[in-house]
Amino acid sequence: MFLMTLPRIIRADQLVPLTIEQLTEHSQLIIHGAVLSRSCQRDLAGRIYTKVELEVSDVWKGALTNRVFTVVHGGGILGDRKATVSNQVEFEIGEEIVAFLVVNWRGESLSLGLAQGKFHVWQDTATQQKFACNPFHGNPAAVANREVLHRPAGSGGSLTLAELKHRVSGGNR
Amino acid sequence: MKLSMALIFGMMLGLITARGFVVNQNELGNDRHWDLVNLNPSISTNVLNPTTRAIRYFLASDAYSATNTAAELNAIRAAFAQWQAIPGTLLKFEDAGLVTGVTDVNNVDNQNVIFWKRDGTSYFVNGELDNFFGALALTYVSTFDDNTIAEVDTIINGTDYSWFTDFNAGNTFSYFIEASVLHEIGHLIGLAHSPVGGATMLTRGATGVNTQAGLSADEIAAALFLYPKSGVRATLAMLRGRVTINGVAVVGAVITAENSAGNVGGGTVTRADGRYELPALPPGNYLVRATPLDPNAGNSLAYLIRGIDIASSFASALTDFLPTPNTPATLAAGGTTTVDFALASGTPSFRITRLRPPTPDPSSSRVVINVPVTLRLGDSNLFVGVYSPNLPTQNATLTVTGDGLTLGPTIFEPNAIQGLNLMSVAITIASNATPGLRSFVIAQGTSLAYANGFLEILPLIPDFNFDGLDDTFQRKHFPLFTAVEAAPAADPDHDGFTNAREYTAGSDPTDRLSIHFKIQSVKLTANGTTITFESGPGKRYQVFSRRDAADDPWQPVGNPITAMSEATAFFDLSAKDNMRFYRVEALP
């Protein structure tokens, strides 16, 4: 008789991590671009929401006719009121991003899974290589630029923009 | 003029200080909270009752399931009641009723609503402005420009996750509604996530009745700070300080205050100016330390709590400094104690990024979790442990803070699973150990790593609503264990025995015939016999007697009597010769 060893890794998160493949599968549109502007307004029911204008450089999934494209998300500041929700997607002016988007019945595009649907893109100044990260995938520049942790092989870490695109392509098949 | 304004703004920014626990603050350092004292006239009476000062909430009538709807709605009510039950706070909630039909987030419709989204196909919420795929639950908060709260809605994901209500069911596959809603109510009253492992406001909770269930000392301190009753703050102590490296402020350093029992009394993170406050701690002796959050690494096994797990505003937390040893601090009621930290810059030699749940056999199971582990008083020889990719593989110790523990030697398992090193230790919890949130500590020379509050020692008797009565008993007999009729002093079956006494007696507090009150003594004298029995004040009783147990019929003795106290003495004049058998019946 021998004892079975059953290794199990269990995660429990308020925001459950979506794989890149899940993000790809559930997105209707995946674009690579940069943030041009943000503006806040109200919808017909009075909800505060934010419109984000993007300059699209590449479309990874779906089709677009215009280079300037608008996405929306709930929340923002308007008048004396501010509306927020934790884990909301945030866009910074000038930020380079890859956005995994879904389209609502009004035809507006919005981030899939709140903050999970946006990858921030940054460039390594030494190698000029571009990397991408969202809350659960890839390293932000601050981490990747120093060896903070020993990372075992195959357990994740930095995610290049090219690799993200490759995985999106694979998820599209 | 512009210069003056800019200067004032800059000065105000310089004063922004992180509170104990973590409160959402605006750019001016105003804590997000409901103003229950000076009501904002813009707030609808439907949102905040101006008379009772209670925050009103509506529940979607369909709840999660078609078969357990009432219990699911009660689970939400119980979560509100637990926050309200924190002694010394003004927090008050009011069940405003049920709403029907299609429910959605809308922070300007003058209703605080909690509902499940469970149509199975669409993840659109908030007027189809957001897609919540991947989220367990979300709380949308609308605030005024002074950061006081105007309106709140909470959505629970019933599409991807299953939910249950029974605290005693042992369900480990679904999410415990009460715990998740308790967490969301924390957001509803202004809190961000906590860096304390066993806190309700930790960013994550496992399936089953997890450590988010029941409010921790961290949330209690938060409620006491944000919503204190008059005079309460004078009974509490303030710990504050500033965290720097070479004089430069450190943002996102975790400050943990551990009480004399080794339990975490509170935790917070420093803000942009490096300052922190733990403003509502019980007076006493504490050990205080500063530890780094984990980097936002792409390798998910390489972190436990990151800046973005607290709030997006802490995404830039400085994570490269060495954890400090403990600094003793004595906190007095109404006083302020300052503990500053001058940190050493550098990458920690190791971190704790995962936990091993208790197991009796260290060789048979290597389960890896990212939530706290729980133990009970009296547990013995169970193995708990910690993982990370860079834990020491020798010449280090793993300990757990606090009283009443017996720990074995540290066991090392390099590369135990998927590149994670494991350090384990056998642990025995004394029956008189102090329940609460303990911390794992690894020491190797001067190098340290902590998992603050990531081991919870459960009390023998759960009392989530602080009423002194065992929740298990209340949950068993009442659909809503926090309801007025479930309170210790209530007597819902009108048998004269309070719920507290029925708990002691082991009877059903909702069935007046279930009480088995005892005859405490029978004393025979030449003048008669005195029978003393347990009684309910105000209740009527009839005493019966008979001469022998076999054939003699029970005969009433005298007239019914009304009890005046919890023990009644009845004098039987007719019984002067021999001991008799007695029986007492409670009358309707």
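**View 1. Surroundings of Glu219(B) in the predicted model.** Leaving aside residues up to four places away in sequence, Glu219(B) touches Phe21(B), Gly186(B), Ala199(B), Thr200(B) and Met201(B), where two residues are in contact if their C-beta atoms, placed from the backbone, lie within 7 Å. Glu219(B) belongs to helix α4 (residues 217–226) of chain B; helices (H or I, at least four residues) and strands (E, at least two) are DSSP runs, numbered from the N terminus. Glu219(B) counts as buried because 27 other C-beta atoms lie within 10 Å, the terms being buried for 20 or more other C-beta atoms within 10 Å, exposed for 12 or fewer, and partly exposed in between, with C-beta atoms placed from the backbone. Gly265(B) is 46 residues apart from Glu219(B) along the chain, and their C-alpha atoms are separated by 9.9 Å.

This is a predicted model, in which local features need pLDDT of at least 70 and side-chain atom pairs count only at pLDDT 80 or more, while totals for chains, interfaces and linings use all residues. Residues are numbered from 1 along each chain as its sequence is written, and chains are lettered from A and ligands numbered from 1 in the order in which they are written.

**View 2. Helices α2(B) and α3(B).** The axes of helix α2 (residues 69–84) and helix α3 (residues 177–188), both of chain B, come within 8 Å and cross at roughly 45 degrees; axes are lines fitted to C-alpha atoms, for helices over the stretch in contact, and angles run from 0 to 180 degrees between N-to-C directions. That angle makes α2(B) oblique to α3(B), since angles under 35 degrees count as roughly parallel, over 145 as roughly antiparallel, 65 to 115 as roughly perpendicular and the rest as oblique. Residues of α2(B), including Ile76(B), Phe80(B) and Trp83(B), meet residues of α3(B), among them Val181(B), Leu182(B) and Ile185(B).

**View 3. Contact between chains A and B.** Chain A contributes 61 residues to the contact and chain B contributes 57 residues. On the side of chain A that touches chain B, at least two residues each come from β1 (6–10), β4 (68–74), β6 (81–85) and β8 (109–111).

**View 4. Strand pairing across the two chains.** β6(A) and strand β6 (residues 137–144) of chain B run antiparallel and are joined by five bridges, two strands being paired if DSSP finds at least two bridges between them. Within this pairing, Thr84(A) stands opposite Val141(B) in β6(B).
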